[in-house]
Amino acid sequence: MGSKNIKLPKINFSHEDLKPDTLEWNQVKSQVYKALVEYGCFEAFFDKIPINLQKSIFEVSQEFFDLPIETKLKNISTKPFSGYVGQYHSSIPLYESMGIIDSNIPHKAEKYTQLLWPQGNPSFCKTIQSYIEQLSKLDQTIRRMIVESLGIEKYMDEHMNSINYSLRLMKYKEPQTDETKTRLHAHTDKNFVTILYQNQVKGLEILTKDGQWINVDPTPDTFTVMIGDSLHAWTNGRMHATFHRVMMRGNEARYSIGLFSKPKAGYIIKAPKELVDEDHPLLFKPFDFHEFLAFGYTEEDMKYDFSLKAYCGV
Ligand SMILES: O=C(O)CCC(=O)C(=O)O
Ligand SMILES: [Fe+2]
């Protein structure tokens, strides 16, 4: 298990008026920048998800995973991270996930709901939609702060408009033992920013730059924010992409929910020239996110710890 001594920075996004050009904004911005350079990760205290939504998002998630396997499989897709994925051992699912990609399009959530519950399930659909609507504001605040911190405001609109959201519901089976079991292997995410939310069952660990695994210990009103490969590349390495994994023990299943901002199809990730100079040589050749995602599904990719470097490192 991870080290107990180091704690991730915790940043408060719940000020009443967290608006650009205010003292509050600038203070939070400098904390965000520091945490992302150092850890690529922090805990965000964010009160814009009402308590009933904090609860109902896990209720609908459980409702989905409790469906019979045949129903869940209706929602299978050929696209990476989309639809239902299950990793089974002797027909017991150890890890299951359900991805709704480009989920900022409300129709997608409706389509999936219709497929799973032909008789209708408005609360599933509405809960997913309002969760994305509320939590995407945190993603936007963070990415805005990153662009400002780097002094590259002229790319603000381009960057803010370059993304789509995906939502992924995840369930990790309880190991039913005190022995620690790996449920998700160490990896970096490939997208721009990931925001994770979990039930009371712990298990997420992140790797610090100096090689220590630390436990993430969120509460119902905190979210874990993490930088992925695409933002690491776009900021020419300024923002650290965090390795993380899920380790579990005990008798309770872990549910988590990931909101992922990721580059739109066809968007080429290329570090702004302002971030490239003699002291900061270009680290990655420009690349298409969706081609990089596809590379992640090849055997070639399995050979590398950090596949972005293998894929397009200079
Ligand atoms: O369940 C978690 O907290 C982590 C999930 C994760 O790392 C991922 O989906 O990429
Ligand atoms: Fe991840």
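How far does a polar side-chain atom of Arg-254 lie from an oxygen atom of ligand 1? In this model, the distance is 2.9 Å. Ser-256 also places a polar side-chain atom 2.6 Å from a ligand 1 oxygen, and for Asp-189 the corresponding distance is 3.1 Å. Polar contacts here are pairs of N or O atoms within 3.5 Å.

Before going on, a word on the ground rules. The model is predicted, so local features need pLDDT of at least 70 and side-chain atom pairs pLDDT 80 or more, while totals for chains, interfaces and linings use all residues. Residues are numbered from 1 along each chain as written, chains are lettered from A and ligands numbered from 1 in written order, and side-chain values use heavy atoms, leaving out hydrogens and water.

Back to the ligand, then. Around ligand 1 there are 13 residues, counted when a heavy atom lies within 4 Å; Arg-168, Tyr-172 and His-244 are among the closest. By class, the shell has 7 nonpolar, 3 polar and 3 charged residues. Strand 5 (163-172), strand 6 (177-187), strand 11 (244-250) and strand 12 (254-263) each give at least two shell residues; strands are DSSP E runs of at least two residues.

Leu-73 sits in helix 3, residues 69-73, where helices are DSSP H or I runs of at least four residues. Why is Leu-73 called partly exposed? Because its relative accessible area is 38%, and that class runs between buried, under 20%, and exposed, over 50%, with a 1.4 Å probe and protein chains only.

Conventions:
A polar contact is a pair of N or O atoms within 3.5 Å; within protein, one must be able to donate a hydrogen and the other to accept it, and residues adjacent in sequence count only if both atoms are side-chain atoms. Ala, Val, Leu, Ile, Met, Phe, Trp, Tyr, Cys and Pro count as nonpolar, Asp, Glu, Lys and Arg as charged, and the others, Gly among them, as polar.
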